[in-house]
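What does a reader new to this structure find on following its chain from the overall fold down to single residues? The report below takes up that reading step by step.

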Amino acid sequence: MSAQPVQPPAVSTPRRVATVGGQALGVVGAVVCVVLIVVVLLGRGWAIDQVDSVSASIDAQLARVPPLLSQADTAVTNVQAKVSVVSDAATAVASMPSPAPGLREAFQSAIAAVSDRYLPLRARYAEARANVVSTLDRLETLDRIVPGITIPTGPTETLANLDARVQALDVSVMAILDAASGATPIADAATAVATKTADVVTKLDGLHASIAELETRLAETQAKLDSTADTIRTVITLLSLVLVLVLLYGILLHVILFRAARGAASEPAPATG
């Protein structure tokens with residue numbers, strides 16, 4: 001007798017559907033996990049680039065401020081030098097029993113030199129202040145929209161104090177100019193100017209200190225921002241790593257599902273009696 005061909009094990013239709021569906025789910029799930037891993041890695045790269053871009057932009061803005069503050073500080077020194085000259089001249093004129101003709105004009109010319117030095121000081125300060133305010137506004141915006149960022153308030157408070165000192169200095173400098181421009185006798189004008197120059201010198205010393213303090217606070221802010229940027233990069237990297245590990249685990253589960261479904265498909269259907 002000829003040998004009968006061996007028939008493959010019968011598999012019921014519902015079972016066949018289940019095993020095929022399990023294999024398909026395993027393959028599709030593993031592919032989706034791989035795609036998500038790629039998305040996570042690309043997203044991490046994009047997020048790190050954004051952090052680097054914002055950090056570099058703010059660093060560039062902050063880097064423009066110290067030279068401007070240095071120029072303003074130099075202008076303060078120049079004004080102090082002229083104020084000292086005017087103070088000495090005012091003291092000398094006030095002590096003269098009978099000032100020589102033409103002394104008023106010479107004295108007023110010396111005071112005008114103070115104004116000539118003071119205007120560049122105000123211009124340098126206004127430019128530096130505009131840069132500081134622009135940077136602080138941007139930092140406050142980041143503080144509102146990005147969680148975990150705390151912007152130091154030192155620069156804002158120091159800038160407000162510096163503004164107050166500059167405004168007070170404006171008043172004192174104008175008082176010197178007004179005292180010298182009046183029609184009062186030259187000796188009286190010189191006495192008034194000598195008194196007011198001492199107040200201006202004191203305010204200029206305070207301005208020196210406030211500019212130095214603002215530079216210190218801005219340096220501290222830059223260091224804080226650099227540290228915060230490093231922390232954000234680390235958090236992004238760790239979060240990406242966790243997501244990749246979870247997705248790798250998902251791939252493993254889908255591979256197990258696929259193998260289990262394929263193994264079930266090769267098993268014979270249970271006998272029916």
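## Gln-80 and the helical fold

At 14% relative accessibility, Gln-80 counts as buried, because the cut-off for that class is under 20% relative accessible area. The model in which this residue is seen is a predicted one, and the place of Gln-80 within it is in helix H1. Leaving out residues up to four places away in sequence, Gln-80 touches Val-201, Leu-204, Asp-205 and His-208.

The chain as a whole has four helices and zero strands, and its elements, read along the sequence, follow the pattern α-α-α-α. Of the 273 residues in the chain, 32% are buried. Among contacts between residues at least 6 apart in sequence, 90% join residues that are at least 24 apart. The accessible surface of the chain comes to about 15500 Å², and 65% of that surface belongs to carbon and sulfur atoms.

## Two further places along helix H1

Gly-22 also has its place in helix H1, and with a relative accessible area of 11% this glycine is buried. Which residues does Gly-22 touch, not counting residues up to four places away in sequence? They are Leu-257, Phe-258 and Ala-261. Gly-22 and Arg-259 are 237 residues apart along the chain, and their C-alpha atoms are separated by 9.0 Å.

Ser-70 likewise has its place in helix H1, but this serine is partly exposed, with a relative accessible area of 38%. From C-alpha to C-alpha, Ser-70 and Ala-212 are 8.9 Å apart in space, while in sequence they are 142 residues apart.

## The nonpolar cores

The largest nonpolar core has 42 residues, and of these Phe-107, Leu-121, Leu-169, Val-193 and Leu-207 touch the most other members. Two or more residues of this core are given by each of helix H1 (13–94), helix H2 (103–145), helix H3 (154–181) and helix H4 (186–265). The largest share, 13 residues, comes from H1.

When its neighbours within four places in sequence are left aside, Leu-207 is in contact with Val-76, Leu-121, Leu-162, Arg-165, Val-166 and Leu-169. There is also a second, separate core of seven residues, and Cys-33, Ile-37, Val-40 and Leu-247 are included in it.

## Salt bridges

Side chains of opposite charge can pair when their charged atoms come close. How many salt bridges does the structure hold? The structure holds eight salt bridges, and the table below sets out some of them.

| Residues in the salt bridge | N to O distance |
|---|---|
| Arg-122 and Asp-170 | 3.0 Å |
| Arg-124 and Glu-127 | 3.7 Å |
| Arg-217 and Glu-213 | 3.8 Å |

The salt bridge of Arg-122 with Asp-170 has its closest N and O atoms 3.0 Å apart. This pair links distant parts of the chain, with Arg-122 in helix H2 and Asp-170 in helix H3, 48 residues apart. Arg-122 itself is partly exposed, with a relative accessible area of 29%.

Arg-124 and Glu-127 both lie in helix H2, three residues apart, which is about one turn of the helix. Arg-124 is partly exposed at a relative accessible area of 28%, and Glu-127 is partly exposed as well, at 37%.

Arg-217 and Glu-213 both lie in helix H4, and their spacing of four residues is again about one turn of the helix. Arg-217 is partly exposed, with a relative accessible area of 26%, and Glu-213 is partly exposed, with a relative accessible area of 31%.

Notes
Residues are numbered from 1 along each chain as its sequence is written. This is a predicted model: local features need pLDDT of at least 70, side-chain atom pairs count only at pLDDT 80 or more; totals for chains, interfaces and linings use all residues. Side-chain values use heavy atoms; hydrogens and water are left out. A nonpolar core is a set of buried Ala, Val, Leu, Ile, Met, Phe, Trp, Tyr and Cys residues joined through side-chain atoms within 4.5 Å. Buried means under 20% relative accessible area, exposed over 50%, partly exposed in between (1.4 Å probe, protein chains only). Contact means heavy atoms within 4.5 Å. A salt bridge is a side-chain nitrogen of Lys or Arg within 4 Å of a carboxyl oxygen of Asp or Glu. Accessible areas come from the Shrake-Rupley method with a 1.4 Å probe; for residues, only the protein chains shown count as cover.
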